[in-house]
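Work through the exercises below with the sequence and the model open. Try each task before reading its solution.

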Amino acid sequence: MGKDSGELKEYQPLLKDFKEPAQQIKVPSKSLLLAVWAAGIGGTFQCGYNTSIINAPTKAVQSFINQTWTERYNTEISSQVLTLLWSTIVSIFTLGGLVGASVGGTLAIRFGRKGTLLFNNTFALLAAFFMGLSYPSSTFELLIVGRFLTGVNAGIAICVQPMYIGEIAPRALRGAMAMGTSIFITGGILTGQVIGLNELLGKEEYWPILLSTVCIPAIMQLLTLPWFPESPRYLLIDRGDDVACKKALMWFHGPDKYHGEKEDIERERVSAGGIKPKKPWELFTDTSLRWQLLTLVVIHMSQQLNGINAIYFYADYVFTQAGIPAAKIPYATVGTGACECITALTCVSLELSINLHKIVYLRMHDTEHRNKANIITNINVLCAVGGVTNILTTELFTQTSRPAAYMIGGSINWIAFFFIGMIFPFIVNGLKQYCFLVFLVVCCLVATYIFFVVPETKNKTFLEIQSEFQSRKKLIAANGTEGPLLSTPI
């Protein structure tokens, strides 16, 4: 009994919030869940939606471009110029995303997390206006402008929404709440694929309406998000507003459960010690953040280089090669979107269920139940991998570095997004049916890096996570070698 109790010391951080039976199960409050929904519907949902919505009206938009060109110049457009214009309309979305990610962190500091998300809807509304106006005005250039603005909207959303969710979620639920980002992205992709079917808005004459529907999620967020508070961490650490921070915490976590979160924020404010938010280039010169920054680069590159976006970019080609009839390809594409969305939803349910069972087993003092808890920990990691990238950025950096980290990560994300879209056709031509082996190699390398370098962040404060990375630096200085990053007591 004494031996087992001693060995359970490593699990004390997980057990400290479950001292009383009434506190054993931590579930998100209704206010917190609604805030996540309000942030996501006009945030990363838009990114997923605009990634897939452009596929359905391909032929209709190309016909419109050809017709407009003929009316202007009294000659049909060449196939090369048509391809160039269409490629520009599609790909300029990623350029807009890069711009949005580059300014998202700065906007989050100046206007707050919630304020930036609300302001970001301006780009979606303008995009809907320009793309809807392109047909009646016979100006295909407005489609380019509109797609660029949807990219800016998506870039800011991917940068700021996970930051907001990560800062409002309680420590024990950050992982589960982080999956909201993946759910909204995959839900947006699936919604765009469904809306683009011929039975709905996929008919040729409906394409201006289809592209203008990007205004709907923006309007929904403008109607719902203002009812929720700003990020408590932003209010206290960046604005020094203790009263507003306390009110926000009570709103999100309840009047009886916010005290622990308030203490964490207070400790982080003291640690910041009046330090101003860092600029992106300052992170590259800060040696104390070297491993966090390297991890940031690796996980954001892997998010785009794992092969999933190659499937979305070239779904027609992949399914045609698989022998699926052309008339059935749109439904097969919807199937891929549905699978990814269901996977994200399943991971959230599994993670919550797994954590509850893990808590029960950890409270048992026999070896058998402790081993079950260890197995559950490994399953938990597998379930969380899909949606962990964005929330991990929140966890790896403290308040003064976080906006700059999201700007760097977002920029890398969009550059890799563009890169995979450009290079995948050449991979296909060179490797044929073995083209996805490249992504397998990438995934294996990234998994190896995460196993040896990234510490467990679950149920730890941001300062504790930072301390774990600092322990690696001390270990290297003492041994002169770069061994794996081991968890050390705080």
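**Exercise 1. The chain as a whole**

Task: State what share of the chain is buried, and give its secondary structure content.

Solution. The model is predicted. Its chain has 490 residues, and 49% of them count as buried. The secondary structure comes to 24 helices and 0 strands. Take the contacts between residues at least 6 apart in sequence: 79% of these join residues at least 24 apart.

**Exercise 2. Checking a helix length**

Task: Decide what span helix α3 should have, and compare that span with the model.

Solution. Step one: α3 covers residues 30–41, which is 12 residues. Step two: the expected span is 1.5 Å times one less than the number of residues, so α3 should span 16 Å. As for burial, Leu32, Ala35, Val36, Ala38, Ala39, Gly40 and Ile41 of α3 are buried.

**Exercise 3. Annotated spans**

Task: Find where UniProt places the feature "transmembrane region", then inspect the spans 116–136 and 176–195.

Solution. The unreviewed UniProt entry places this feature at residues 84–109, 116–136, 142–164, 176–195, 207–228, 373–392, 404–427 and 434–454. In the model, residues 116–136 are 90% helix and 0% strand, with end C-alpha atoms 32 Å apart. Residues 176–195 are 100% helix and 0% strand, and here the end C-alpha atoms lie 28 Å apart.

**Exercise 4. The nonpolar cores**

Task: Identify the residues with the most contacts inside the largest nonpolar core, and list what Ile89 touches.

Solution. The largest nonpolar core has 59 residues, and Ile65, Ile89, Leu143 and Tyr164 have the most contacts inside it. Helix α8 (residues 141–168) gives the largest share of this core, 11 residues. Not counting residues up to four places away in sequence, Ile89 touches Ile54, Val61, Ile65, Leu143, Ile144 and Arg147. A second, separate core has 19 residues, including Leu283, Val298, Ile299 and Val446.

**Exercise 5. Cavities**

Task: Count the cavities of 30 Å³ or more, and name the lining of the largest cavity.

Solution. The count is 2 cavities of 30 Å³ or more. The largest cavity holds about 40 Å³ of space. Its lining consists of Glu167, Ile168, Ala169, Arg233, Leu249, His253, Glu261 and Ile265. The elements that give two or more residues to this lining are α8, α13 (242–253) and α14 (259–272).

**Exercise 6. Positive phi and a glycine**

Task: Classify Asn74, Ser138 and Gly132 as buried, partly exposed or exposed.

Solution. The cut-offs needed are under 20% relative accessible area for buried and over 50% for exposed, with partly exposed in between.

- Asn74 has a positive phi of about 55 degrees although it is not a glycine. It sits in the loop between α5 (58–73) and α6 (79–111). Its relative accessibility is 70%, so Asn74 counts as exposed.
- Ser138 also is not a glycine, and its phi is positive, near 50 degrees. Its place is the loop between α7 (113–134) and α8. With a relative accessible area of 29%, Ser138 is partly exposed.
- Gly132 belongs to helix α7. A relative accessible area of 23% makes Gly132 partly exposed. Leaving aside neighbours within four places in sequence, Gly132 is in contact with Pro208 and Ser212. The C-alpha atoms of Gly132 and Leu143 are separated by 8.5 Å, the two residues being 11 apart along the chain.

Definitions and conventions
Residues numbered from 1 in each chain as written. Predicted model: local features only at pLDDT ≥ 70, side-chain atom pairs only at ≥ 80, totals over all residues. Heavy atoms only, no water. Core = buried A, V, L, I, M, F, W, Y, C linked by side-chain atoms within 4.5 Å. Buried < 20%, exposed > 50% of the residue type's maximum accessible area, 1.4 Å probe, protein only. Helix = DSSP H or I, 4+ residues; strand = E, 2+ residues; numbered from the N terminus. Contact = heavy atoms within 4.5 Å. UniProt positions renumbered as here; feature names shortened; annotations may be inferred. 1 Å grid on protein atoms, 1.4 Å probe; cavity = no way out; pocket = protein on both sides within 12 Å on 5 of 7 lines; lining within 4 Å. Points joined across faces, edges and corners; volume = space filled by probe spheres on them.
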